[in-house]
Amino acid sequence: MEKIVSLCKRRGFIFQSSEIYGGLNGVWDYGPLGTELKNNLKQYWWQVMVRERDDVVGLDGAILTHPAVLKASGHVDTFTDPMVDCRTCKARLRADQLAEKNGARQCPNCGGKDLTEARPFNLMFQTQMGASADPASIAYLRPETAQSIFVQFKNVLDVSRKKLPFGIAQIGKAFRNEINPRNFTFRSREFEQMELEYFCRPEQGMDLLAYWLKERIRFYEEIGISRKRLHVLDVPEKERAFYSKGTFDIEYEFPFGRQELEGVAYRTDYDLQQHIKASGKPLDYFDEETKERFVPHVVEPSAGVDRTVLALICDAYDEDSAPDEKGKMETRIVMRFHPRMAPIKCAIFPLLRNKEALVAKAREVQALLRPHMNVFYDEGGAIGRRYRRQDEIGTPFGVTIDFETLGEKGEGLRDTVTLRDRDSMKQERVAIKDLPQLIPSKIR
Ligand code: GAP
């Protein structure tokens with residue numbers, strides 16, 4: 001994990017938020033490469049979960065949430081973690097993460113045994129709307145994106161004219177005042193979710209739960225996460241939310257242990273019923289064919305953007321050996337991102353920076369490829385070093401413009417370049433004009 005955290009900072013994937021002021025605990029900023037990686041993940045999720053389906057539409061709900069919404073959903077009263085305080089070092093700890101010695105509870109920070117009783121601690125961030133400070137002006141930063149989907153269910157149904165089963169998808173920020181943020185970005189206080197609420201008839205719930213579990217595992221495979229590091233936990237009844245008839249956790253083997261990436265839960269009609277009761281508004285569905293009116297049930301695949309980005313980074317990290325400038329073998333750090341996820345798809349290198357014709361040709365290739373993918377131009381240092389820098393950030397392809405490209409080694413090679421593959425390190429000679437089709441065909 002140390003190597004991964006250090007690479008993330010060194011190469012600009014993830015930085016600690018407010019670092020120059022000592023950092024803000026549990027909050028992270030994504031650097032240039034992290035932003036590209038995260039965007040690729042979100043775009044691909046949106047592509048397969050919304051755009052490629054007839055039965056899912058999107059929503060972009062507000063972060064600031066009316067307290068009545070979160071009262072009805074149960075978050076105001078029960079979205080809590082049991083917390084204890086250590087009287088010795090003043091640390092605030094989650095009661096379920098205490099160390100134990102000889103049967104006695106112990107502070108994992110200082111080893112102290114003088115701990116308070118466990119108390120519920122609400123995980124929501126509360127804020128004030130407008131100038132007045134009375135209780136009526138309280139609003140919350142949403143703790144999940146799901147609630148705006150339930151609250152807007154009727155509006156979306158009316159405008160989209162969808163028939164059951166159909167889903168509403170959303171990607172966006174969520175906030176939880178985690179007592180102990182930890183494991184890099186894994187448990188943060190500000191994070192993003194990718195959630196789908198898939199509404200259905202009650203009798204379809206269990207089958208759709210199995211369907212979405214399969215779809216979601218396929219998704220992780222398609223973004224390049226190795227199947228052998230993915231695990232499915234069938235959450236036992238006593239650990240499920242009381243309204244859930246079935247929940248699967250999709251877990252990933254992080255370097256710090258096997259942990260949840262996504263929950264796929266059959267939530268029955270609990271959420272819509274809660275909002276019907278609290279708002280007095282009809283959030284039901286009328287089936288034109290059977291002439292029945294009922295409250296739909298829902299299956300919810302709910303994934304974390306940041307956790308998936310972290311899994312992508314952990315899964316991609318690899319070290320092998322490659323020859324240096326003098327042919328001596330050295331350790332190579334290589335991020336084996338699936339080309340679909342890689343922040344930069346292709347790096348473009350003129351063999352020498354001081355040969356105008358090479359540089360001009362390389363700039364031409366850059367302009368040719370730019371409309372098709374994220375490319376990076378690099379003319380600094382020996383070519384081997386430049387390859388290494390790209391391997392370390394997972395760029396799957398490298399194009400080198402050399403003297404053959406300029407036709408100096410025979411007309412047959414004019415306007416051809418070498419295309420290098422990150423993983424095999426093999427190079428093939430290809431025509432420049434073929435690159436805009438060839439590289440995307442290897443990314444898809
Ligand atoms: N709407 C259901 C829901 O929010 P959840 O299991 O609490 O369920 C869903 O959260 C996903 O959101 C988790 O599987 C995880 O990927 C992500 N997530 C939850 N809390 C997080 C945190 N503190 N930091 C980063 N990601 C988090």
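Which residues is Arg 332 in contact with, leaving aside its neighbours within four places in sequence? In this predicted model, where residues are numbered from 1 along each chain as its sequence is written, local features need pLDDT of at least 70, side-chain atom pairs count only at pLDDT 80 or more, and totals for chains, interfaces and linings use all residues. Side-chain values use heavy atoms, with hydrogens and water left out.

The answer for Arg 332 is a list made up of Asp 318, Glu 319, Asp 320, Ser 321, Ala 322, Arg 388, Asp 391, Arg 420, Arg 422, Asp 423 and Met 425, where contact means heavy atoms within 4.5 Å. Arg 332 itself sits in strand β21, residues 329-335. Helices (H or I, at least four residues) and strands (E, at least two) are DSSP runs, numbered from the N terminus. With a relative accessible area of 0%, Arg 332 is buried; the classes are buried for under 20% relative accessible area, exposed for over 50%, and partly exposed in between, with a 1.4 Å probe and protein chains only. The side chain of Arg 332 makes a polar contact of 2.9 Å with that of Asp 391, and it also reaches the backbone oxygen of Arg 422 at 2.9 Å. A polar contact here is a pair of N or O atoms within 3.5 Å; within protein, one must be able to donate a hydrogen and the other to accept it, and residues adjacent in sequence count only if both atoms are side-chain atoms.

Glu 392 counts as buried, at 12% relative accessibility. Residues up to four places away in sequence aside, Glu 392 touches Leu 7, Arg 10, Arg 11, Ile 333 and Met 335. With one of these, Arg 10, the side chain of Glu 392 forms a polar contact of 2.6 Å. Glu 392 and Glu 222 are 170 residues apart in sequence, and their C-alpha atoms are 22 Å apart in space.

Stepping back to the chain as a whole, the secondary structure comes to 12 helices and 26 strands. The C-alpha trace spans about 80 × 65 × 50 Å along its principal axes. Of the 444 residues in the chain, 52% are buried. Among contacts with a separation of 6 or more, 64% are between residues 24 or more positions apart. The accessible surface of the chain is about 21400 Å², and carbon and sulfur atoms hold 50% of that surface.

The model also holds a ligand. Around the ligand stand 20 residues, the closest being Glu 144, Arg 176, Glu 195, Glu 260 and Leu 261; a residue is near a molecule or strand if one of its heavy atoms lies within 4 Å of it. A polar side-chain atom of Glu 144 lies 2.6 Å from a ligand nitrogen atom, while one of Arg 176 lies 2.8 Å from a ligand oxygen atom. Glu 178 likewise places a polar side-chain atom 2.8 Å from a nitrogen atom of the ligand. The protein covers 89% of the 560 Å² of accessible area that the ligand has on its own; accessible areas come from the Shrake-Rupley method with a 1.4 Å probe, and for residues only the protein chains shown count as cover. Strands β13 (190-200), β16 (257-268) and β19 (297-304) each supply at least two residues of the shell, and the largest share, five residues, comes from β16.

Helix α6, residues 153-160, has Phe 153, Val 156 and Leu 157 among its residues, and these three are buried. Seen down the axis of α6, the buried residues fall within an arc of 100°, so they line one face of the helix; the arc is that of the directions from the helix axis to the C-beta atoms. Their cover includes β3 (56-58), α5 (146-151), β12 (166-175), β13, α8 (270-279) and β17 (285-287). After α6 comes Arg 161, with a positive phi near 50°. In the loop between α6 and β12 lies Pro 165, joined to Leu 164 by a cis peptide bond with omega of about -5°.
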